[in-house]
Amino acid sequence: MRLLALLPLLTWLPFAAFSQTKPAPPTPPARTKILLLGVMHFTPSTTDVYKNQAVDLTSAKRQPQVQAVVEQLAAFHPNQVCVEWPAAKQAKLDSVYQAYLGGRYQLKSDEIDQFGFRTAQRLKLPHLTAVNYRDGEFDMDKVTAAAKQYHQEDIMTSVDTYSKSIMADFDARMQQSTLPEFLRYLNAPRQLDANAGFYSGYIARIGEGTDYAGIRLLRDWYDTNLHIYANLLRRIPPTDKAVLVVFGQGHIPILKALFASNPNFEVVEVSQVLK
């Protein structure tokens with residue numbers, strides 16, 4: 001009787017074990033690939049304290065190199081091209097791009113025109129995306145004044161020496177390299193760290209006591225880049241498989257760190273795209 005009484009239990013056990021099997025975890029959504037192409041301003045910015053020499057990307061020497069960069073960026077197949085143009089002026093960017101497509105605008109020698117417009121045209125994109133932010137305060141004069149007040153002129157001298165050496169290196173590299181080579185160099189981790197070192201290694205030290213003049217400038221720089229990051233997030237839908245961002249190299253270290261920590265994105269190294 002006892003043996004027979006166990007039979008229903010033995011029959012039930014395999015089913016119970018099967019019914020308790022955990023379901024397979026859901027497949028994580030595909031991440032958007034993002035290529036953050038740091039560039040120098042080939043037509044130097046009037047607002048930068050330290051500037052590189054101008055480079056004529058429209059010259060006979062550089063145009064084949066520009067074309068090589070454009071072809072390789074297009075091979076990345078971005079769904080959109082985001083550029084360093086004020087987000088609030090998207091309509092103006094659309095107007096200029098449409099004029100270019102219609103043959104009514106001659107490209108200038110800058111990164112937005114030569115890399116942004118041409119790549120977007122190559123991919124037959126209807127527009128480029130403006131994501132820059134320029135509303136924050138960024139006053140280097142206040143830092144210089146604070147350094148003088150607290151007898152920290154030696155730090156500012158170091159800032160000057162450090163920054164000029166970086167610009168001189170960029171200028172020399174630009175003369176010796178093709179554009180793909182130069183852009184790979186500019187986006188190498190060592191060069192990105194060197195640019196960020198302007199703030200973290202020197203500017204952050206300016207001030208004394210409760211006066212954090214250098215940190216205020218560093219805060220404003222982060223604030224600018226956080227707004228740019230937010231503009232990018234707002235304009236990149238989850239359906240985008242890949243996005244190209246063309247921006248001044250100084251912005252890239254912060255933007256790259258933010259996107260690297262975002263589970264919805266996969267940061268693609270420039271060296272993987274430009275050969």
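Me: Starting with L37, which residue stands opposite it in β4?
Reply: V246 in β4 stands opposite L37. Keep in mind that this is a predicted model.

Me: How many bridges join β1 to β4?
Reply: Seven bridges join strand β1, residues 32–39, to β4. The two strands run parallel.

Me: And which residue of β4 stands opposite C82?
Reply: C82 stands opposite V245. Strand β2, residues 80–86, pairs with β4 over four bridges, also in the parallel sense.

Me: Is β4 mostly covered or open?
Reply: Mostly covered. Seven of the seven residues in β4, residues 242–248, are buried.

Me: New topic, the largest nonpolar core. Which members touch the most others?
Reply: L37, F42, F115 and F117 do, out of 44 residues in that core. Helix α7, residues 179–186, gives the largest share, five residues.

Me: What does F42 touch?
Reply: Leaving out residues up to four places away in sequence, F42 touches A54, V55, L57, S109, E111, F115, M174 and L179.

Me: Why would nonpolar side chains gather like that?
Reply: In soluble globular proteins, nonpolar side chains tend to be buried together.

Me: Now helices. How do α3 and α4 cross?
Reply: Their axes come within 11 Å and cross at roughly 60°. That angle makes α3, residues 90–101, oblique to α4, residues 111–122. The crossing is right-handed.

Me: Which residues make the contact?
Reply: From α3, L93, V96, Y97, Y100 and L101. From α4, F117, R118, A120 and Q121. F117 is also one of the residues that touch the most other members of the largest nonpolar core.

Key:
Residues numbered from 1 in each chain as written. Predicted model: local features only at pLDDT ≥ 70, side-chain atom pairs only at ≥ 80, totals over all residues. Heavy atoms only, no water. Core = buried A, V, L, I, M, F, W, Y, C linked by side-chain atoms within 4.5 Å. Buried < 20%, exposed > 50% of the residue type's maximum accessible area, 1.4 Å probe, protein only. Contact = heavy atoms within 4.5 Å. Pairing = 2+ DSSP bridges. Axes fitted to C-alpha atoms, helices over the stretch in contact; angles between N-to-C directions. Parallel < 35°, antiparallel > 145°, perpendicular 65-115°, else oblique. Left-handed = near helix turned anticlockwise from the far one by under 90°.
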